[in-house]
Each structure stands twice: as structure tokens, then as C-alpha cells.
Amino acid sequence: MAAPRTRSREVLGALEGARAWEPRIEAWAYLAEPDELAAAWPATEAHGRLQGVPFAVKDIIDVAGQPTRYGSARFADAGPTARDASVVAALRGDGAIAIGKTRTTEFAFIDPTITRNPYDPRHTPGGSSSGSGAVVGAGIVPFALGTQTAGSLIRPACYSGVTAFKPSLGLLPTEGVAPLARSFDQVGIIAQSFDWIERALPALESVFTRTVDPVTVCPKERLNLAILTVPEQSPQAEQVAAFDAATARFADLGHTIDRRLSPVAFGDLLDQHRTIMLFEAARDLAAFLGGSRHGLQPKLTAALDEGARIREVDYRGALDRLVESRALFWGELDGVDLILAHPVPGAAPRDLTQTGDQSYLSPWTALGGPLTCAPIGLDAAGMPLAMMFAAAPDRDRDLIAQSSGLASALPSIPRPRRDVSSA
């Protein structure tokens with residue numbers, strides 16, 4: 001009964017594509033076999049909106065019947081997981097098929113994986129959702145689950161020429177997801193297009209932890225858009241040129257664009273985010289690991305050491321200052337429909353020893369609102385450039401609808417080809 005559905009053309013095509021692309025991008029921590037998927041899928045499978053759609057899952061998120069190895073050598077021999085994470089269960093309950101686990105930096109920190117960018121394997125795909133960004137960017141699956149604690153959903157999507165949706169903080173449950181820092185850990189999706197985000201959203205909404213604003217009944221034809229001046233950021237010239245061309249297109253369509261100074265210093269937000277993240281990681285992740293750091297990679301080990309040295313009074317002070325920063329930031333931007341921002345300084349670095357600059361994104365994670373992104377062009381080396389869209393907390397549905405409309409006005413970029421030499 002289940003086999004014809006799980007062996008659908010889409011699933012078999014995704015598995016074939018995964019194997020064909022793997023020598024170039026090395027993105028899979030685990031890839032299921034067709035018979036395994038058929039055996040695991042119940043005959044009573046619901047006929048949902050995502051019926052038969054293949055998707056991938058970052059390897060810190062549990063999928064029943066597949067191992068979770070956290071990008072860590074310590075868990076290289078892990079066996080199949082017994083239960084789905086809540087977000088996986090929601091998507092599978094709507095008919096989607098999890099075909100495998102994508103590579104992640106160790107416990108979603110910044111020690112790079114072996115995964116490479118589908119546009120050019122000499123470039124990083126970003127982190128920590130490196131594998132999810134790469135497999136979606138390569139067109140293997142229409143969407144994949146990832147997580148963000150600093151910048152780990154939006155950055156891989158930008159570097160891989162696709163889009164992503166990072167929900168408002170705490171909106172999606174993290175049950176069945178390895179912890180890094182509880183104040184910022186969140187699940188989201190990387191997708192080939194906004195259409196796929198919108199198609200997956202009803203399933204994800206079924207496990208939202210709270211009510212969010214409904215989509216505006218009468219959508220605005222003319223949006224109030226803001227671009228913030230952030231003195232701490234210096235995006236590259238090609239990034240600025242592509243960003244300005246996109247905003248000019250929005251202005252030509254009649255949208256209002258207001259440039260203003262950020263009401264909160266991003267340097268302060270970075271400090272607050274780092275203090276909170278490292279303090280919590282040194283305790284939350286340490287507890288998850290049973291107190292042992294044996295075998296962990298160097299950047300993660302150094303971060304846990306730094307976090308262990310942070311005093312609780314300083315951690316509490318950073319939490320209090322962040323509450324004040326959020327109130328000031330969103331209060332000053334009340335009435336703005338969307339904020340347009342640079343998510344990264346430019347295209348993915350040609351460097352596999354790093355995952356890219358997350359300093360542009362960490363402040364937005366700290367501010368707590370939902371984020372999406374879209375490609376806006378290619379640089380001279382043929383690597384994707386991107387724009388980010390941000391909205392106030394719990395305006396997730398409006399953000400998706402409005403940023404999708406804006407992105408549809410932008411020219412598409414060429415997709416990567418696995419038969420192109422990068423020499």
C-alpha cells in the first residue's frame with residue numbers, strides 16, 4: 001500500500017539527484033534507500049498538501065528511523081532515532097517524505113563541514129545549516145529543515161541562491177532538536193522558492209507554540225519599506241550595487257522606501273547576543289553532552305570555555321539589555337511593513353575553512369522577529385548575492401506574503417550546474 005506513494009517520481013528523482021550531486025557538494029550525513037522509505041511510511045498516510053514531496057532535515061533534528069549524529073565524531077556510530085522532532089512530524093503528517101539528514105557544523109556552531117557550495121565547490125555553503133542550503137541550492141529537494149541560533153538559516157540560503165524562512169523566536173517547537181542556546185535556538189526552512197515556503201507553512205503552523213497575527217485581509221498594494229543605516233557594516237561593492245538595484249525596482253513599483261539610522265547599535269546587539277549564546281551553550285550543550293567535551297572540534301571547545309567564564313550577573317544583565325533593545329528597536333520602527341537589509345557582506349567566500357560572516361545576522365536573531373531572504377543577482381565570479389526581509393515579532397504570515405510579492409518582482413538567477421568545472 002505505501003510503496004507506490006513513497007516510491008513516487010519526485011522521491012526517486014530526489015534520491016537520484018542526491019547521489020549525482022554528492023561528489024561535488026558532499027552534503028548528506030545520511031541518505032535513505034527507496035525501500036527504507038517505503039517500509040517506514042505508514043499505509044494510513046494522510047493525503048496532505050505535501051503528499052509525496054521529498055525534503056531534507058539538518059542533522060541535529062530527529063527523524064524517526066534515521067540516525068542523528070549532530071555533525072560530531074562523538075556520535076558517528078549513532079543508530080536510528082525512535083521519534084520525529086515535532087516539526088518533522090508536522091511535515092510528515094501532511095504527506096512530505098524525509099529522504100535523509102544533511103550535514104551540519106558540529107552542534108550547529110561554526111567549525112566548518114566538508115560540504116561545498118553548489119555554485120562552485122571552492123566556496124563555502126555557509127553554516128551551520130550547510131547541507132540543507134547546499135541540497136536545496138542544487139535543486140535536489142524543494143525544501144529542507146535547518147536551524148538558526150546566530151545566522152545559520154539565512155546565510156546558507158543566501159550563499160546557495162535560494163530563500164529561507166526564520167520564524168519569530170520561539171514560534172516553532174525545538175522538541176527533538178539538539179540545544180545550543182535556548183534563548184535563540186529556532187527551527188526554520190530553506191526553500192527553492194517562496195511558493196514552497198507558503199506550501200509548507202500550513203503544516204508548520206499546526207505546531208506553532210502561540211498565535212501570530214493573521215495575514216492582512218486586504219494586502220497593501222504599496223508597502224512602507226525601511227532600509228537601516230548600520231555603521232558597523234560595510235557590505236562589498238557588488239552586494240551594494242545589487243541591493244540598490246533591487247530597492248530601485250521596488251520604488252518603481254510604487255513602494256515607499258525610507259532610509260533611517262538603526263535605532264539600536266548593532267554592535268551592542270552583537271555583544272548581547274554573544275554573551276547570552278555562549279553562557280547558555282556552556283550549560284545547555286554541556287548538559288546534553290553529559291558534561292564531557294572530549295572529541296569536540298576546536299572552535300566549539302573554545303566557545304564553551306569562553307561561555308563557562310561568563311558570570312551569571314553578566315548574563316542576566318545582557319538579557320535585560322536585550323529586552324530594552326528590542327522594545328526600543330521595534331517601537332521606533334512601528335508602522336514599517338518590512339525592513340530591507342544586507343544579510344551578509346557579499347557572496348560566499350572562496351574559503352572552505354570558514355562558514356562566512358554571521359555578524360550581519362546575529363543582531364537580527366537577537367531582535368526576535370521573523371526573517372526571509374531572496375537572491376538578487378550574481379557577482380563577477382557567478383556566486384549568488386541576496387537581500388533579507390525582516391518584520392516585527394509574530395508578523396510571520398505578513399512577512400512571508402509581502403516578501404514573496406517583492407521577490408516576484410526581481411529577476412531570477414541561473415541555477416547551479418553540477419557538470420560545470422570550477423577549475
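Which residues do ring pairs link into a cluster? Tyr70, Phe75, Phe107 and Phe288. I'll come back to them.

First, the ground rules. This is a predicted model, where local features need pLDDT of at least 70 and side-chain atom pairs count only at pLDDT 80 or more, while totals for chains, interfaces and linings use all residues. Residues are numbered from 1 along each chain as its sequence is written, and side-chain values use heavy atoms, with hydrogens and water left out.

Now the sheet. Eleven strands form an open sheet with mixed pairing. The order is E1-E3-E2-E4-E6-E5-E10-E11-E9-E7-E8. Strands here are DSSP runs of E, at least two residues; helices are runs of H or I, at least four; both are numbered from the N terminus. Two strands pair if DSSP finds at least two bridges between them. The edges are strand E1 (28–31) and strand E8 (256–261), and each pairs on one side only. On average, neighbouring strands of this sheet are turned by 30° against each other, direction ignored. The axes behind that angle are lines fitted to C-alpha atoms, for helices over the stretch in contact, and angles run from 0 to 180 degrees between N-to-C directions.

Take strand E2. Five of its five residues are buried, so E2 is largely enclosed by the rest of the structure. Buried means under 20% relative accessible area, exposed over 50%, partly exposed in between, with a 1.4 Å probe and protein chains only. Pro54, Ala56 and Lys58 point one way from E2. Phe55 and Val57 point the other way. E2 pairs with strand E3 (residues 97–102) in the parallel sense, over five bridges. Lys58 stands opposite Thr102 in E3.

Next, strand E5, residues 163–166. Both its faces are covered. Thr163 and Phe165 are buried on one side, Ala164 and Lys166 on the other. E5 runs antiparallel to strand E6 (residues 186–191), with three bridges. Three bridges also join E5 to strand E10 (residues 371–378), again antiparallel. Follow Ala164 across both. In E6, its bridge partner is Ile190. In E10, Ala164 stands opposite Cys373.

What about the loop between E5 and E6? Asp185 lies there. Asp185 is buried, at a relative accessible area of 16%. Asp185 and Thr365 are 180 residues apart in sequence, yet 9.3 Å apart in space, C-alpha to C-alpha.

One more pairing. Strand E9 (residues 338–341) and strand E11 (residues 384–390) run antiparallel, joined by three bridges. Ala341 stands opposite Met388 in E11.

On to the aromatics. The structure holds eleven aromatic pairs. Rings of Phe, Tyr and Trp (its six-membered ring) pair if their centres lie within 6.5 Å; planes under 30 degrees apart count as stacked, over 60 as edge-to-face and the rest as tilted. Phe55 and Phe143 have ring centres 5.4 Å apart and planes at 15°, so the pair is stacked. Phe55 is in strand E2 and Phe143 in strand E4 (residues 143–148), 88 residues apart. Both are buried.

Tyr70 lies in the loop between E2 and helix H4 (86–93), and Phe288 in helix H9 (residues 266–288), so the pair ties together parts that are 218 residues apart in sequence. Buried or exposed? Tyr70 is buried, at 11% relative accessible area. Phe288 is partly exposed, at 35%.

Arg283 lies over the face of Phe279, at 3.6 Å from the ring centre. The criterion is NZ of Lys or CZ of Arg within 6 Å of the ring centre and within 35 degrees of the ring normal.

Then helix H8, residues 237–252. H8 has 16 residues and reaches 22 Å from its first C-alpha to its last, close to the 22 Å expected. The expected span is 1.5 Å times one less than the number of residues. Buried in H8 are Gln239, Ala242, Phe243, Ala246, Thr247 and Phe250. They cover an arc of only 130° around the axis, which puts them on the same side of H8. That arc is taken from the directions from the helix axis to the C-beta atoms.

Last, Arg415. Arg415 lies in the segment after helix H13 (396–407) and is partly exposed at 40% relative accessibility. Arg415 and Tyr119 are 296 residues apart in sequence and 7.9 Å apart in space, C-alpha to C-alpha.
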